[in-house]
Amino acid sequence: MEKAKIFFVKDITSQNLLKLYEALGKPLTGKIAVKLHSGEAGNQNYLRPEFVKPLVEELNGTVVECNTAYDGERNTTNKHVKLMEAHGWSRHFRVDIMDAEGPDMELAIPQGKRIKKNFVGRNLKNYHSMLVLSHFKGHPMGGYGGALKQLSIGCASSYGKAYIHGAGDPEKLWSAEQNSFLESMADSASSVVTYFDGRIAYISVMCNLSVDCDCCSVAEEPCMKDIGILAGMDPVALDQACLDLIYRSKDPGRDHFLERVESRNGVHTIEAAAELGFGTREYELIELN
């Protein structure tokens with residue numbers, strides 16, 4: 001597999017989001033889902049709707065989310081809808097809680113390492129293309145959260161999230177063996193990539209670099225300075241590039257961030273995804289002015 005092209009800008013602006021999307025040279029078509037993180041109530045680090053608005057409007061996209069599998073303000077459709085309003089998503093965009101109604105859409109994963117099926121919000125079927133717009137940061141369980149997590153946990157229904165976390169056993173939501181969970185994330189991510197069959201693009205914003213996810217109602221404050229925005233057509237290469245920028249950083253908070261990643265063996269999600277063959281860890285980083 002040849003090296004993936006990953007585009008990079010240091011200045012984190014709405015205009016640069018547009019510039020990076022255009023640099024990909026493969027415009028998304030049809031009805032476009034924009035998968036992002038709506039942010040748990042109380043979280044201070046999630047990407048704000050005003051920041052992403054120019055890009056979402058350029059795509060005429062619909063902001064899509066799915067309900068969570070844990071207690072909070074996003075684990076039922078009614079609560080999630082209210083949070084989308086409170087955080088401003090509904091004021092600016094069309095919003096779709098894709099698993100608001102069942103039954104879930106089931107995607108087969110015949111080559112899966114740990115799971116052979118993925119349960120996603122049934123409304124995924126309504127979209128021709130998808131932009132995965134991620135906030136790259138740490139994560140309490142996955143070590144880090146980026147494009148692969150948005151594809152897997154992010155697109156999964158509430159039940160599907162528990163299924164992935166439990167490596168096929170929803171009852172083991174919080175107790176599955178760690179690498180089994182990480183490999184299940186890679187498996188489920190592969191099914192969404194296969195479903196869209198090339199009609200999917202990825203942008204990751206490396207800002208508010210906390211060790212905690214946007215799913216945390218009380219997240220630790222960012223420990224590193226912002227790094228920039230990256231974009232590509234390969235989610236494996238994109239996550240690898242983001243992680244490499246952390247490793248190369250001389251920021252005093254780098255070691256604290258990496259302790260979270262390494263203590264959860266976060267890179268294994270990237271390793272497992274590359275082994276599944278829907279992306280490569282080899283990339284060319286192209287910095288734009």
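I started at Glu57, which is partly exposed, with a relative accessible area of 47%. This is a predicted model.

**Helix H2 pair**

I looked for a partner for Glu57 and found Lys53. The two form a salt bridge, with the closest N and O atoms 3.8 Å apart. Both residues lie in helix H2, four residues apart, about one turn of the helix. Lys53 is partly exposed as well, with a relative accessible area of 27%.

**Buried charges**

I then searched the whole structure and noted 10 salt bridges. Lys35 pairs with Glu65, and their closest N and O atoms are 3.2 Å apart. This pair links distant parts of the chain: Lys35 is in strand S2 and Glu65 in strand S3 (residues 62-65), 30 residues apart. Are Lys35 and Glu65 buried or exposed? I found both of them buried.

Glu65 also forms a salt bridge with Arg74, the closest N and O atoms being 3.5 Å apart. Arg74 has a relative accessible area of 3%, so I logged Arg74 as buried.

**Glu40**

I went to Glu40 next. Glu40 sits in the loop between strand S2 (32-35) and helix H2 (49-59). I logged Glu40 as buried because its relative accessible area is 3%, and the cut-off for buried is under 20%. Leaving aside neighbours within four places in sequence, I listed its contacts, among them Tyr70, Arg74, His87, Asp214 and Cys215.

**Pockets**

I checked the largest pocket, which holds about 350 Å³ of space. Its lining has 15 residues, with Ala4, Lys5, Lys26, Met233 and Asp234 nearest the centre. Strand S1 (residues 4-9) gives the most to this lining, three residues. I sorted the lining of the largest pocket into six nonpolar, four polar and five charged residues.

The second largest pocket holds about 280 Å³. I found 23 residues lining the second largest pocket, and Tyr70, His139, Lys149, Ile153 and Cys215 are the closest to its centre. Helix H5 supplies the largest share of that lining, four residues. By class, I noted nine nonpolar, eight polar and six charged residues in the lining of the second largest pocket.

**Cores**

Last, I looked at the nonpolar cores. The largest has 51 residues, and Met130, Phe136 and Leu148 are among those with the most contacts inside it. Helix H8 (residues 235-248) gives the largest share of this core, eight residues. I also found a second, separate core of 31 residues, including Tyr46, Leu47, Phe51 and Val56.

Methods: Residues numbered from 1 in each chain as written. Predicted model: local features only at pLDDT ≥ 70, side-chain atom pairs only at ≥ 80, totals over all residues. Heavy atoms only, no water. Core = buried A, V, L, I, M, F, W, Y, C linked by side-chain atoms within 4.5 Å. Buried < 20%, exposed > 50% of the residue type's maximum accessible area, 1.4 Å probe, protein only. Helix = DSSP H or I, 4+ residues; strand = E, 2+ residues; numbered from the N terminus. Contact = heavy atoms within 4.5 Å. 1 Å grid on protein atoms, 1.4 Å probe; cavity = no way out; pocket = protein on both sides within 12 Å on 5 of 7 lines; lining within 4 Å. Points joined across faces, edges and corners; volume = space filled by probe spheres on them. Nonpolar A, V, L, I, M, F, W, Y, C, P; charged D, E, K, R; others polar. Salt bridge = Lys/Arg side-chain N within 4 Å of Asp/Glu carboxyl O.
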